[in-house]
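This report describes the pockets, salt bridges and nonpolar surface of one protein model. The sequence and structure are shown first.

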Amino acid sequence: GSSGYSLPSVVLLAEFTKLCISLCFLTAESGSISQALKDVLGTSVRTWLAFAFPSALYSLNNNLDMLNNQHMDPATEQVLVQAKILTTGIVWWWVFVRTMGGRKWFALVLLFLGAVSA
């Protein structure tokens, strides 16, 4: 159906809220807002770039989830969301070329089967 709000605006507002909450925690940890901002702005460009790609993927994923909410029934959308856990495990294994024990594979398959059969 149609919605009376902008889907990217919903995602942007949610992420901005998380940013504000994180800044509050950082301020509490640093002791002052000025020190918290110095910590953030003093971060190296290399560190910022290391987080840029996953952040962009996360933002794209959130926008696609909101789009899915418009065009899928809730049960199908939930199965799709849970299937991401299995694909994340497989991609992690493939990209990082790290072995996963039988228990982890069993847990991923069991989680996937539970999501599909729910």
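The lining of the largest pocket in this predicted model divides into seven nonpolar and three polar residues, with no charged residue. The residues concerned are Leu 19, Ser 22, Leu 23, Leu 26, Leu 37, Val 40, Thr 43, Thr 47, Trp 48 and Phe 51. Helix 1 (7-30), helix 2 (33-41) and helix 3 (45-71) are the elements that each give two or more residues to this lining. The largest share, four residues, comes from helix 1. The space in the largest pocket amounts to about 400 Å³.

The second largest pocket holds about 270 Å³ of space. Its lining consists of Asn 61, Lys 84, Thr 87, Thr 88 and Val 91, and these residues divide into one nonpolar, three polar and one charged. Helix 4 gives the most to this lining, with four residues.

Lys 84, part of the lining of the second largest pocket, also takes part in a salt bridge with Asp 65. The structure holds two salt bridges, which are set out below.

| Salt bridge | Closest N to O distance |
|---|---|
| Lys 84 with Asp 65 | 3.3 Å |

The pair of Lys 84 and Asp 65 has its N and O atoms 3.3 Å apart at the closest. Because Lys 84 belongs to helix 4 and Asp 65 to helix 3, this pair ties together parts that are 19 residues apart in sequence. With a relative accessible area of 18%, Asp 65 is buried, because the limit for that class is under 20%. Lys 84, at 26% relative accessibility, counts as partly exposed.

Which residues make the nonpolar surface patch of about 730 Å²? Ile 90, Val 91, Trp 92, Trp 93, Trp 94, Val 95 and Phe 96 form this patch. Trp 93 is situated in helix 4, which covers residues 74-96. The relative accessible area of Trp 93 is 38%, so Trp 93 is partly exposed and clears the cut-off of over 30% required of patch residues. Val 91 belongs to the patch and also lines the second largest pocket.

Conventions. Residues are numbered from 1 along each chain as its sequence is written. This is a predicted model: local features need pLDDT of at least 70, side-chain atom pairs count only at pLDDT 80 or more; totals for chains, interfaces and linings use all residues. Side-chain values use heavy atoms; hydrogens and water are left out. Patches are made of residues with over 30% relative accessible area and no salt bridge: like charges are joined within 9 Å, nonpolar side chains (Val, Leu, Ile, Met, Phe, Trp, Tyr) within 5 Å. Accessible areas come from the Shrake-Rupley method with a 1.4 Å probe; for residues, only the protein chains shown count as cover. A salt bridge is a side-chain nitrogen of Lys or Arg within 4 Å of a carboxyl oxygen of Asp or Glu. Buried means under 20% relative accessible area, exposed over 50%, partly exposed in between (1.4 Å probe, protein chains only). On a 1 Å grid over the protein atoms alone, a cavity is a set of points where a 1.4 Å probe fits but cannot get out, and a pocket is an open set with protein on both sides within 12 Å along at least five of seven lines; lining residues have an atom within 4 Å of a point. Grid points are joined across faces, edges and corners, and a volume is the space filled by probe spheres set on the points. Ala, Val, Leu, Ile, Met, Phe, Trp, Tyr, Cys and Pro count as nonpolar, Asp, Glu, Lys and Arg as charged, and the others, Gly among them, as polar.
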